[in-house]
Amino acid sequence: MQKKIAILNGDGIGPEVTAQSIKVLNAVAQQYGHQFDYKEALIGADAIDKTGSALPAETVDICLDSDGVLFGAVGHPKYDNDPAAKVRPEQGILGIRKALQLFANIRPITTYPSLQHLSPLKPKQLEGVDCVIFRELTGGIYFGKKHTSEDGTYASDECSYSQAEIERIAHLAFKYAQKRRKKLTLVDKANVLDTSRLWRKTVQAITGQYSDVAVEYMFVDNAAMQLIINPKQFDVILTENMFGDIISDEASVLAGSLGMLPSASVGNGTALFEPIHGSYPQAAGKDIANPLGSILSAAMLLDHFGLQTEATAVREAVDWTLQNNFVTKDIDPVNFYFTSTIGDLIADYVSGKIPGSIKQENIELRKSTII
Ligand code: IPM
Ligand code: MG
């Protein structure tokens, strides 16, 4: 199979985690006889520095011309504390989501027994947690009309949804639930918001088409609590843009590290794959960031290409590193391995070089030196 993949490294740790995914994809290509052609494009603060825009037109063209996009991260501290900044790195990711019409963001929350101690939750609550968040990605308050009064003392952000926008992601989420434990929870604030009432009405109207899926409705404030006190009750969570942004960061604590979680953003055309973490500027260039969120996003890209065997091989390689404590600093602050070493190990595993031909001593040599 031959595929064109656009690479949007972005800012902070974006380039170094994405580089590990490329290593792994190259190993997959070699092992299974595929050809992946990569094309890099600018986005975020990096793009602002080089072109003045967080999303140059050329980047959109490169993405539109590709079969899939691998995205790193955007964001830079110099913009975070400057509310007056006219151009912001985040415009890059929001812009590309809109340009590619990526209306559904799929965020699987997986827990790993070897990482349970990292979560503030008790192991008993984490057992059997396996849910996936379907977050609407191109509507709602993120993209509604924004206004700040001339004197700067009043501001508003409009939240709007159309029935069609809700239906298209709801159908995807229902179909996904049918392949899983057949439960869907719509998270909204229908006791207060008109948009949420439209979500509820729209979802209620299509439940009949998916009679094998049990549907539950939950207010977002309660859902935020339920995710902590009883996370295993969830299978597929369907929600609007901003609620999904908030609860997916919350859900990441179930996995033990924000660095672990991948996501796929899909629409009608080219899909985009990105870890859910941000640009983590404090770690940039230090080779300490966790590349698993990006590598697992690359596995979702392989799924999207219909390469299930290859995607499973990547996930098995990830499991193998975790089981053998080949982990980055976020997971083990003392005995940790570098970002690039984890990428090498996973690529080698996919290539069939481990555990046979790689000696433990060689791996030990690449471990961090702790003083
Ligand atoms: C995410 C991020 C983005 C969002 C930011 C970087 C604009 O938090 O992908 O969850 O809010 O959607
Ligand atoms: Mg977020």
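Biologist: In S2, which residue is the bridge partner of Gln-2?
Modeller: This is a predicted model, with local features needing pLDDT of at least 70 and side-chain atom pairs pLDDT 80 or more, while totals use all residues. Residues are numbered from 1 along each chain, chains are lettered from A and ligands numbered from 1 as written, and side-chain values use heavy atoms, without hydrogens and water. Strands (DSSP E runs of at least two residues) and helices (H or I, at least four) are numbered from the N terminus. In S2, Gln-2 is bridged to Gln-35.

Biologist: How many bridges join S1 to strand S2, and in which sense do they run?
Modeller: S2 covers residues 35–40. Two strands pair if DSSP finds at least two bridges. S1 and S2 have 6 bridges and run parallel.

Biologist: Through which helix does the chain cross from S1 to S2?
Modeller: The path is a β-α-β crossover, and it is right-handed (clockwise from first strand over helix to second, strands pointing away from the viewer). The helix spans residues 14–32. It is H1.

Biologist: Which residue in S3 stands opposite Ala-6?
Modeller: S1 also runs parallel to strand S3, residues 68–73. There, 5 bridges join the two strands. Opposite Ala-6 stands Val-69.

Biologist: Why is strand S1 largely enclosed by the rest of the structure?
Modeller: S1 spans residues 2–10. Buried means under 20% relative accessible area. S1 is largely enclosed because the buried residues number 7 of the 9.

Biologist: How many residues of strand S5 are buried?
Modeller: S5 takes in residues 130–136. This strand is largely enclosed by the rest of the structure, because its buried residues number 6 of the 7.

Biologist: Which residue in S5 stands opposite Ala-104?
Modeller: Strand S4 (residues 104–110) and S5 run antiparallel. They are joined by 7 bridges. Ala-104 faces Glu-136.

Biologist: Which residue in S10 stands opposite Phe-134?
Modeller: S5 has another partner, strand S10, residues 236–239. These two pair in the parallel sense over 4 bridges. Phe-134 stands across from Leu-238.

Biologist: Which residues are around ligand 1?
Modeller: A residue counts if one of its heavy atoms lies within 4 Å. The residues around ligand 1 are Glu-90, Arg-97, Arg-107, Arg-135, Tyr-142 and Asp-245.

Biologist: How many Å from an oxygen atom of ligand 1 is an N or O atom in the side chain of Tyr-142?
Modeller: For the side chain of Arg-97, an N or O atom is 2.7 Å from a ligand 1 oxygen. For Arg-135, the corresponding value is 2.8 Å. For the side chain of Tyr-142, the value is 2.5 Å.

Note on methods
Buried < 20%, exposed > 50% of the residue type's maximum accessible area, 1.4 Å probe, protein only. Polar contact = N/O pair within 3.5 Å; in protein donor to acceptor, adjacent residues only side chain to side chain.
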